[in-house]
There are 2 protein chains.
Amino acid sequence: MLIVFCIFAELKDVSLADDIKNKLNYYMAKELKELTPRSVSYSQWYNDLVTKAELAENSAVRGCMVIKPYGYAIWEKMQRNLDDMFKETGHVNAYFPLFIPKSFLSKEADHVEGFAKECAVVTHYRLKNNPDGTGVVVDPEAKLEEELIVRPTSETIIWNTYKGWIQSWRDLPILCNQWANVVRWEMRTRMFLRTAEFLWQEGHTAHATQEEAIEESIKMINVYSDFAENFMAVPVVKGVKSANERFAGAVETYTIEAMMQDGKALQSGTSHFLGQNFAKAFDVTFMNKEGRPEFVWATSWGVSTRLMGALIMTHSDDNGLVLPPKLAPIQVVIIPIHRNDEQLSQINARVAEITAELKKYGISVKYDNGDNKKPGWKFAEYELKGVPVRLVMGGRDLENNTIEVFRRDTLTKETISQDGIAEYVKELLDKIQENIFKKAYDMRESTTKTVDTWEEFKEKIEEGGFILAHWDGTPETEEYIKDQTKATIRCIPLDGDKTPGVCMVTGKPSAQRVLFARAY
Amino acid sequence: MLIVFCIFAELKDVSLADDIKNKLNYYMAKELKELTPRSVSYSQWYNDLVTKAELAENSAVRGCMVIKPYGYAIWEKMQRNLDDMFKETGHVNAYFPLFIPKSFLSKEADHVEGFAKECAVVTHYRLKNNPDGTGVVVDPEAKLEEELIVRPTSETIIWNTYKGWIQSWRDLPILCNQWANVVRWEMRTRMFLRTAEFLWQEGHTAHATQEEAIEESIKMINVYSDFAENFMAVPVVKGVKSANERFAGAVETYTIEAMMQDGKALQSGTSHFLGQNFAKAFDVTFMNKEGRPEFVWATSWGVSTRLMGALIMTHSDDNGLVLPPKLAPIQVVIIPIHRNDEQLSQINARVAEITAELKKYGISVKYDNGDNKKPGWKFAEYELKGVPVRLVMGGRDLENNTIEVFRRDTLTKETISQDGIAEYVKELLDKIQENIFKKAYDMRESTTKTVDTWEEFKEKIEEGGFILAHWDGTPETEEYIKDQTKATIRCIPLDGDKTPGVCMVTGKPSAQRVLFARAY
C-alpha cells in the first residue's frame, strides 16, 4: 500500500514535504530489502541477510560460496587484526602446499580416523578434447600414481616439512601460521557456517618441551578470545573440549564458544595441544641440550570465515547487519538531503571539512551524495549493511550548524552541533562497540542457566542458551545426553565456578560444572 | 684451509685480534653458506640462493613448493603494496571458488584450446579405510557426477558469477580482485618461476564499453610497471603480446618484460583486454542507457609469486640476495661487537636509542645481539638474506661516538658519527633503492641491441639480452624465428621508437621494431 502510494507520488512528482518523501522512500526500500523476521525463521533471516547485505552467495559449485566484496572487506579487517596479534606474539607467516599425498593422512591414526574422510580427491592431472568433439574429458592416461587430497587441514604436510627444519633444540620453537583455503566435503552447507571450501588461518608450532607447547596453545586461545570480545564484540566462554569433541589427533583442544541470538552455541576458534602425536607419526626429533634425541611437541590453532557467521548472528537485527565499529569497512556514512544543486554544493563543501576531520581520527567515512538514489533509500541500504553511524545533513542543518546522528545499534537519532563532531563520532563509535558487546553479553548471561537435575535439563534445553550442569566425565554419559536432547558439551570452562558435585544423569562425582548447548 | 685454521683457533681459544677473529668467522660462515657462483651455473646459483636464503623449498608434492617464512615475508610486502595500489585505483577484493566445473572450461573456445589442459582434476569426494587394514583408499562410490578442476585461472567461474550481478549499466563497472592460489600441472618446475601451485592475484573487471575496458587493461599494466620499477627496482618494458603469445581468450594482452642477469627475459605481469568473449560464453548482458541489451566488456590481470623470481634474479649476487629497501622485511640489521657483558650492555643501551630513532622514520630494524653466533657469522648470514644496511657497533665506536655502516648493494662500508644516524640511514635506503634500479637498468640497456639482419640476429641472440628488430607481423615468421633461435617476441613495445621498416627474415613491411629474447 505504502509502495503504491509512494510510486504514485514519484511518478506524478506530487509535492510532498521532504520529510514525508524520505520516509516513503525509506519504507519502499525497506520492503525491497526486507528480511524474513528472526521471529518467523531465524535460519531464513540469516540466509536473507547474507544475501541481501551482499556478504556472500552460493556458487555454481556445490557447497562453495562466493564471498562478495562487502563480505570480503569485513573478513579482510578480521585478517589484518588477527595477523597483527599473531605477529605481536612472535609468529611468522609461511605457505604450505594445497595438496596432501593420500598416504600422509593415515600416518597419524586418530587423525585419519576422526577427520579426513570427506575430502576432495585429485586423481588426474590432465584433460583432453572429447573425441566426439564436445568439450573436454579427463585424460585416462594422466592418472596420478598416488592420489592427492585437497588439504582439509595441514598438520600432516607441515609436520612432514618440519622434519627437515628441525635438528637441534636451537631450531625450536617454530612458530608458523598460514592463511589459506581448505576443503571439507560437507553434505549440508550454510554460507560462512559450514561450506565445502572455506578460508582460514592455521598456526602450527613446534616446541622442545611439553610445558612450552601447552603454554602456546593456551596463549593462542587467549588471543582468539581477546579478538572475539574486543574486535568482534562477541562474548565467548573459554574452555577445554571433552574427549568426544576433541580435534582428531589432539591431546587437548581449547575452544571459545559463543552464544547466538537463537540460543544455539557456535564454536568460534580452537587451539590444540597435539602432544608428540604428529612428531611420532612423521618421525620429527631434535637433539636436546643434553645431546639426546627427543620427539618434538606440537600445537595447532585456527579460526575461519565461520567467524563471519558468529559476527552476523550475534549482533544483527531484522533491519540487517549490525557491525562492531572496529570491523566495519565503512564506519560512518554521510548522506546529504538537498533541494537543489546549489544547496548540494554547499553541503558538499561542509561535508568535505567534516570528512577530513573524521579521517584525522582514523575513521573510515563514505560520503554518498550520488543522485541515483533518494536519501530514504540510502538510509535503508546502509542500515542493511550495518554501517555503525549515519550522519545526515540537510538545508536546515546548514543554516543551524547542526547535523543528524543516527546509531545503527540502537536505531536512535539526535541532532547535534557540527562543532566537535569528529570527536563526538569517535567517542560514539567506542560507545557502540561497547554497547553491542554488552547487549550480547547480557543476552548470553540471561540465557545461561545452572541446572542440577536431568528433568530440569531436558526442560531448559528446549529454551535454548547455555546450561551449566554436572557431568561424570564419561563419553557414555555425554553420548546419552546428546542422543536424548541434541545438546553437546561445548566445553569444560577454564574460568568460573569449580565446585565439584554429582552428575545430573548418573549421580557419579563431577569435578566441576560443564557447559552444554545445542550448537551449530 | 681457512676453515681449518679458524676452527683450530676457536677450539684452542687462541688469542686473536677481534678483527681477525671476525674475518675468520665471516669466511667460515661464507663457506658454509656458499652459493654456486653465477659464472659457473646461473641456474644452480638460483636454486642455491632460494634454498640457502630460506626463501622456499621443494615439498613432498611434485611441483609444489613450501614458501618459508623469510620468503613469505617478502611476498607479504609485495602483496600489501600491490593491494594498496589496486584499492587506490578503485578495486575491491572478493573471493571465488577454488573449483571450476569441468564444463565451464570449454565454454570459451580459445580459452580451453590454449589453456586449461594440464590441471588438477577432482573426481571423488571421499576416502575410506582400506579393507586390507592399511591406510585409506578412494571410495569408488563417492564419484562426482561432473569432475571439478582446481582453478588454473578464474575467468570462467567469475563470469558465470557476474551473470547474476549484472542487469543494467548501473551495475557497471565491476572492479574485483582476488588473492588466491591456482594450479597448473607443469611438467618442469622451478621454485617461484614455474610451480604447479602458485599464489597470485587476479583482477576481473566488467565494463559497459569497449573503450572503458581497454582503458582499464592499460591502467593495470601501468600499475604493474609502476610497482615493478618503484618497489621491486626492476626495470620493465611495457608492450603488447603478439597473437601467438596472447592469453587464451584475450583480444589483446599487455605485458611487462624484465631482463634477468643471465640475459633471459622474464614475463612479470600481464593485463588482458578480453573483449566480449567471456560475456558471450557465459551469456552476460546488460541493459544499456538506451534500454537495449549488450554483451559486457571484460579485462583480467594478474601477477604471481613469479615476481619473487624476478626480484631474486635481477639484483642478487654471489654473496646472496640483494633486496630493494622497499620490499626488505628487515631494512637494517644492527650487530654489536663486544669484549664482555659490561661492554655489551653499554652497546645495548646506545643501540636502543638508535633503534627508536630509526623506527620513527618507519624503518624496520633488527638488533641481533644473540650470543649463539659470532659477529662474522652474522655478517655472512645477513648478506645472504639481502638486508640492505648493516650497522655495527663495537667498543671503539662507543668511545668515539661512531658506527660502521655497510651497504649490501655495493658491499662497501664506512665509519660515521652516530649523530643524525637515523636520517643518514633513511637517505641511504633511498639511495640503495635508486642504485639497484639504476644498476639493473644499465645492465638491461647495455644488453639491448638493435639488429637489422637475420644473420646478425642469430649471432647476437647467443649473447643474451633483448634484441629490437623488425618483424612482418605474421605468426609464421614468429614461429620460424623461435624454431631457429629459441627466441620469442616478448612484446611489441608501447613506448620508444615507432619507425617502420622491413622484416629481418622476410623483407616484408614492419610497423615498428619488436622486442625479442630467450625467456623463462
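## Briefing: a buried strand and a chain interface

In strand β27 of chain A, A:Phe516 is the bridge partner of A:Ile467. The model described here is predicted.

**Burial of strand β27 of chain A**

- Strand β27 of chain A spans residues 513–517, and five of its five residues are buried, so the strand is largely enclosed by the rest of the structure.
- In a regular strand, side chains alternate between the two faces of the sheet.
- In β27(A), A:Arg513, A:Leu515 and A:Ala517 point one way, while A:Val514 and A:Phe516 point the other way.
- The residues on both sides of β27(A), A:Arg513 included, are all buried.

**Strands paired with β27(A)**

- Strand β23 of chain A, residues 467–470, pairs with β27(A) in the antiparallel sense over four bridges.
- Strand β24 of chain A, residues 488–493, also pairs with β27(A) in the antiparallel sense, over three bridges.

**Contact between chains A and B**

- The interface brings 55 residues of chain A into contact with 55 residues of chain B.
- On the chain A side, the residues touching chain B comprise 34 nonpolar, 11 polar and 10 charged residues.
- Strand β5 of chain A (residues 121–124) pairs with strand β5 of chain B (residues 121–124) in the antiparallel sense, over three bridges.
- Within β5(B), B:His124 is the bridge partner of A:Val121.

Methods. Residues numbered from 1 in each chain as written. Chains lettered and ligands numbered in written order. Predicted model: local features only at pLDDT ≥ 70, side-chain atom pairs only at ≥ 80, totals over all residues. Buried ≥ 20, exposed ≤ 12 C-beta atoms within 10 Å, placed from the backbone. Helix = DSSP H or I, 4+ residues; strand = E, 2+ residues; numbered from the N terminus. Pairing = 2+ DSSP bridges. Contact = placed C-beta atoms within 7 Å. Nonpolar A, V, L, I, M, F, W, Y, C, P; charged D, E, K, R; others polar.
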